[in-house]
Amino acid sequence: MKAILLPGPGLPFTYATVPDPAPGPGEAVARVLACGSGLTIHHARAGRLKLNHYPRIIGHEIAAEIVAVGAGVDSRDIKVGDGVTAYFYFSCGHCHWCRIDRETLCENFGGYVGRESDGGYAEYIKLPARSFLKFPDGIDWRQNPAEAGVICDALATPVKVIRRARITPLDTVAVFGAGGGLGIHMLKVARWARAKKVIAVDTAAAKFETAVKCGADITIDASAGHVAEQLREATGGKGIDVAIDFVSNASTLEPALAALGRGGRLVTLGGSGKPFNADPAKLLRDEIEIMGSRYATRQEVMDTLELVARGEFKALVTDKAPLAEAEALHQRLDKEQTIGRAALVMG
Ligand SMILES: [Zn+2]
């Protein structure tokens, strides 16, 4: 099969022919129709994220069709011809956290599709059968595979944030990094959740038009500085109820926290790894909550697929390229030229 190989951290992709995968016991193989190109996997291409094995086929936001199943796979779970996407995490399915639908905290976490295993930047993908999730009726995965493929992360991650931060129609929500692939979808899902006001914060003003189309009522250019003051102004001095930060360094987390009003919630989804300052007096006085939110559970992905199938919202893929052009697409991601999600669409 044709595949895109990442030969090492930060190295350009190579377009190569590799052996077709064959399913072992408990595994299945799917023909990939499309695979999303989110920032998580771009970090691997750019070398900011080291993998344990090279060369590696990266990618996990797939729309695919099952073409072979190994021994012991129950046909009620997966069978040839099923349209599927993938659950990004290799979670065990039986520890305490997996059992209570918090499997992003799995005690036996086995890594990620496209990092610890080969992923979707190829004509075929082999995974444990339980890593494939069937598309429900109502998702046109054959006609629009790129939009179907990215649901499992670009939309499922925001759906989880809505639940985790308990966003209701009474809340004003600000999204930091709103122009990025996840940020744009967070705006859409916050709008869908009927948040009172949705505010897009980004440094790239060129992305604001799309942000407004995706549900932002107000846009704030963070490159002008004074973000907390601008947010307070936008809420008549009250402060925002929920800040969702996809950038998550001190220059976003600190103004996000400062902009929160009473009972405010700060959700961080980025991994800069650097500390930031929080004033405990404000946390106490205003009963502020700071929380991390990590991807989504299998059930949350399935719920999100169901919501898309019902027409509640849909993914925005603005940059599509054939498999052979993965390198050029990632060059565009590197320059942050992409608004919304990018995806590879196989021939
Ligand atoms: Zn587990």
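Reply: Start with Ile 62, in strand E4 (strands are DSSP runs of E with at least two residues, helices runs of H or I with at least four, both numbered from the N terminus). The model is predicted: local features need pLDDT of at least 70, side-chain atom pairs count only at pLDDT 80 or more, and totals for chains, interfaces and linings use all residues. Residues are numbered from 1 along each chain as its sequence is written, and side-chain values use heavy atoms, with hydrogens and water left out.

Ile 62 has 0% relative accessibility, so it counts as buried (under 20% relative accessible area; exposed is over 50%, partly exposed in between; 1.4 Å probe, protein chains only). What does Ile 62 contact, leaving aside its neighbours within four places in sequence? Its partners are Val 32, Ala 34, Cys 35, Val 84, Thr 85, Ala 86, Gly 120, Ile 125, Phe 132, Phe 135 and Gly 149 (contact means heavy atoms within 4.5 Å). Asp 153 is 91 residues away along the chain, yet its C-alpha atom is 9.8 Å from that of Ile 62.

Step back along the chain. The loop between helix H1 (39–45) and strand E4 (62–69) holds Pro 55. A cis peptide bond links Pro 55 to Tyr 54, with omega about -5 degrees.

Now the zinc ion. Its protein donors are the SG atoms of Cys 92, Cys 95, Cys 98 and Cys 106, at 2.3 to 2.4 Å (donors are N, O and S atoms within 2.8 Å of the metal, or 3.2 Å for Na, K and Ca; water is not among the atoms, so sites may look incomplete). The spacing of these donor residues is C-x2-C-x2-C-x7-C. Cys 95 sits in the loop between strand E5 (83–86) and helix H2 (96–99), and Cys 106 in the loop between H2 and strand E6 (124–128), so this pair ties together parts 11 residues apart in sequence. Cys 95 is buried at 6% relative accessibility, and Cys 106 is buried at 8%. The site is tetrahedral, with angles of 102 to 116 degrees among its 4 donor atoms (all angles must lie between 85 and 135 degrees). The ideal angle for four tetrahedral donors is 109.5 degrees.

Thr 157 is buried, at 4% relative accessible area. Beyond its neighbours within four places in sequence, Thr 157 touches Leu 182, Leu 269, Tyr 295 and Ala 296. Tyr 295 lies in the loop between strand E13 (289–292) and helix H10 (298–309). Its phi is positive, about 40 degrees, although Tyr 295 is not a glycine. Tyr 295 is buried too, at 6%.

Ser 248 also has a positive phi, about 60 degrees, and is not a glycine. It lies in the loop between strand E11 (240–245) and helix H8 (250–259). At 2% relative accessibility, Ser 248 is buried.

The axes of H7 (residues 227–234) and H8 come within 8 Å and cross at roughly 30 degrees (axes are lines fitted to C-alpha atoms over the stretch in contact; angles run from 0 to 180 degrees between N-to-C directions). H7 and H8 are therefore roughly parallel (under 35 degrees). In H7, Val 227, Ala 228, Leu 231 and Arg 232 meet Pro 255, Ala 258 and Ala 259 in H8.

Methods:
Four donors count as tetrahedral if all angles lie between 85 and 135 degrees; four count as square planar and six as octahedral if opposite donors are over 155 degrees apart and all others between 65 and 115; anything else is irregular. Angles under 35 degrees count as roughly parallel, over 145 as roughly antiparallel, 65 to 115 as roughly perpendicular and the rest as oblique.
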